[in-house]
Amino acid sequence: MSDAAELPPVSLAGDGFLPHTSHWGVFSARLRDGALAVRPYAGDPDPNGIIGNFPAALRHRARIARPMVRRGWLERGPGPDGRRGRDGFVAVSWDEVLDRLGAELGRIRDTHGPGAVFGGSYGWASAGRFHHAQSQVHRFLNIAMGGYVRSVNTYSSGAASVIVPHVLGSYEDLTRRNVTWEQIAEHTEAVIAFGGMALKNSMVAGGSISQHVERGAMARARARGCDFLLVGPLRSDLPPEAGAEWIANIPGSDTALMLALVHTLVAEGLHDRAFLDRHTEGWAVFERYLTGEADDQPKDADWAAPIAGIPAEEIRALARRLHGRRVLVVVAHSLQRAEHGEQPVWMGAVLAAALGQIGLPGGGYGYALGAIGYYGRRNSAVPLPTLAQGRNRVADYIPVARISDMLLNPGGTYRYNGQTRTYPDIRLVYWAGGNPFHHHQDLNRLRRAFAGVDTLVVHEMAWTATARHADIVLPCTMTLEREDIGASSNDPLMVTMHKVAEPHGEARDDYAIFAGLAERLGRGAEFTEGRDARQWLEHLYERTRRGLEEKGLPAPDFARFWEAGSLTLPQEPDDGGELRRFREDPVANPLPTPSGRIEVFSRTIDSYGEADCPGHPAWLPPEDAPRPGAPLFLVANQPATRLHSQLDFGGHSAGAKHRGREVARMHPLDAAARSIAEGDIVRLFNARGACLAAVVVTEDVRPGVVQLPTGAWYDPADPEEEAPLCVHGNPNVLTRDAGTSALAQGCTGQLTAVEVERFTGNLPPVRAFDPPGG
């Protein structure tokens, strides 16, 4: 553990710049003569260009200046309404909107109970520890409403979050207390990355991030002789510094390929039998499936070759290259954001176990390493400022990606993690700090789902599609317009987030909005505890200061911390965590699984009897695969120029578009077959919907694949249509709204099947950033 808490070695302030931070990096900002300037933290070796979205976004026309109420809700009151997303809005005063919303919340609470409120509010609004929108809305609903129906898991890792506890134990230990970038730079001899480790993903983090270390760690490992093997349809999923060998498999075939690798290891006696015997449970059951004893189909390289699109001899040679080396197996989040997404996560662990690598420094299984900025790093050794959310008295919940199913099927049943559950009857949806029209799939279905509730409330700083579908839109500040504390459990720098600009128009902090509503619902004192926003910051900081003091480390008071701009916190040792201890002594340090070992075969999962998730990892062919009418795979991955859909109207994001549209990539063979050329506008379509995009023609995409990132704001050409064309390039009009399996019900938005054609009509304007009419 580093043994000191230090005030900043590198200044964040000076020349009028004030310290601030975000999910994509620590930075400083200055507003002078109406112009915003930003500069990255000087201590960051690889700053993220996304901070360049701030200057143009601060006073963009897309910002919401006044409280707005949908005209139909204002005139007819609450109730299901197909006019959501099609209606105009009326500006009202803060007193009026809070009075009306307070009355509606009271009606729902007193008539239907808090179980009729959905407060999932999924999203990444701020790196701040106090003005964190999800924490604020959940605290408000718990205190003022008595609770709410919540969501569990994430769109990023919905399948992995459920399967990992069955197989390996703690998901947090696997992803945050396991293999670090320091270990890779020093120890790893080969990284086989299924789905890659794209820097665009690890450049962002759930909290603040002060140093982007991934590129440098890969460069150091490569210089030492480490081989990086990229398995995936996109060459760009590892950076040039890795010098990766690209194995361009068919999307979604990773489980079959991993099965064939393990089959080769077993057939040639290259697997680590001693590790499997001592550290795993159920290998014999799985081995019968692997060798074909159970179903007359050996999962060998010849079987996997046509599934993966990789020659059989290359598969066998790859398995032999992994034997006898310090190997790290990485499975990206993207692989489990697809049908049967549990399987590659589980199979990746089995491959690492068969190689005998789990628990070794720089070796084993690094699930999702590179997927987000706080994986592969040390943990903070002191507690961080954390806002208490209160007690939720509603026990009900849904898997996060099942929101449309819930709203469209109240009282319907579904399977989840061995249980048969019932969807609640939701009357009011309260959303703060997120944009489901980015995260969710089959957006035309989501539009129908939102039409069925009594009231949809949204806190938003800009006119996202979610705000346009709301009944009540409350304008909130962006981070630069308020004070906060930025920190992450896996980053050593805690940062003061100074207010750089005054709020846009009449925008208010989420906290101020909820305080006003809580007062109207008779819970004002309980919600605020008598503190204003600055007093809350001082109160929350005390938890960290006390933790430092208890360790005998310098513990500056809040005033000194605020004046300094940042504080370097002590970090835990890089000791490999639970899996290292388990490797060293599996009897004394069992995993928190039913057997205490790595579950290659799970009796628990097998007992659930789910056809789409059997008791051991297996190859299950997808339903949503290329077919006549939709012959191409669409990879709908994370964007490089923004976090999700945040600040899509910012300069960095807008500058990467072409003719105002999001940019898709496809292989020259697929483009030529459709008379498509570089820079053309294309129409991507399937039975669910259609969107426009510009196109780049490149050999960095596997043939048969088109790639279009998520995050372009949904922009229907004609909102009156039931399935309108999105003119801006949001791929979630095309993706399938179905769970990964009955086990996890995770998001399957990464892959779908589409056709692409050159667009030859009159090009419709992009209006995603224009405020709606009245």
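Predicted model: local features only at pLDDT ≥ 70, side-chain atom pairs only at ≥ 80, totals over all residues.
**Ground rules.** I number residues from 1 along each chain as its sequence is written, and my side-chain values use heavy atoms, with hydrogens and water left out. My helices (H or I, at least four residues) and strands (E, at least two) are DSSP runs, numbered from the N terminus.

**Entry 1, H5 and H16.** I looked up how helix H5 (residues 158-167) lies against helix H16 (residues 342-354), and found that their axes come within 9 Å and cross at roughly 40°. Here axes are lines fitted to C-alpha atoms, for helices over the stretch in contact, and angles run from 0 to 180 degrees between N-to-C directions. The crossing of H5 over H16 is right-handed; a crossing has this name if the near helix is turned clockwise from the far one by less than a right angle, and is left-handed if anticlockwise. On the H5 side I noted Ala 159, Ala 160, Ile 163, Val 164 and Val 167, which meet Glu 342, Val 345 and Trp 346 of H16, where contact means heavy atoms within 4.5 Å. I sorted the residues of this contact into 7 nonpolar, no polar and 1 charged, counting Ala, Val, Leu, Ile, Met, Phe, Trp, Tyr, Cys and Pro as nonpolar, Asp, Glu, Lys and Arg as charged, and the others, Gly among them, as polar.

For helix H10 (residues 254-267) and helix H13 (residues 301-308) I recorded an angle of about 160°, with the axes 9 Å apart. H10 and H13 are therefore roughly antiparallel to each other, since angles over 145 degrees count as such, under 35 as roughly parallel, 65 to 115 as roughly perpendicular and the rest as oblique. H10 passes H13 in a left-handed crossing. H10 brings Ala 256, Leu 257, Leu 259 and Ala 260 to the contact, and H13 brings Ala 301, Trp 303, Ala 304, Ile 307 and Ala 308. By class I have 9 nonpolar residues in the contact of H10 with H13, with no polar and no charged ones.

I found 29 aromatic pairs in the structure, where rings of Phe, Tyr and Trp (its six-membered ring) pair if their centres lie within 6.5 Å, and planes under 30 degrees apart count as stacked, over 60 as edge-to-face and the rest as tilted. Tyr 414 and Tyr 423 are a stacked pair, at 4.2 Å centre to centre and 15° between the planes, and Tyr 414 and Tyr 423 are both buried. Buried means under 20% relative accessible area, exposed over 50%, and partly exposed in between (1.4 Å probe, protein chains only). Tyr 541 and Phe 558 are an edge-to-face pair, at 5.8 Å centre to centre and 70° between the planes. This pair links distant parts of the chain, with Tyr 541 in helix H23 (residues 533-550) and Phe 558 in helix H24 (residues 558-564), 17 residues apart. Tyr 541 and Phe 558 are also both buried. I also listed one aromatic cluster, formed by Phe 130, Phe 140, Tyr 430, Tyr 511, Phe 514, Phe 527 and Trp 536.

In helix H21 (residues 510-520), 8 of the 11 residues are buried, so H21 is largely enclosed by the rest of the structure; among the buried ones are Tyr 511 and Phe 514. Ala 512 also lies in H21, but I found Ala 512 partly exposed, with a relative accessible area of 35%. Just after H21, Gly 522 takes a positive phi of about 80°. In helix H25 (residues 577-584) I noted Gly 577, Glu 578, Leu 579, Arg 580 and Phe 582 as buried; the buried residues of H25 pack against helix H6 (171-176), helix H7 (181-187), helix H11 (273-279) and strand E23 (598-599).

Asn 417, which is not a glycine, has a positive phi of about 50° and sits in the loop between strand E15 (413-416) and strand E16 (419-422). Asn 417 is partly exposed, at 25% relative accessible area. Leu 647 has a positive phi near 55°, in the loop between strand E24 (632-635) and helix H27 (651-655), and is buried, at 5% relative accessible area.
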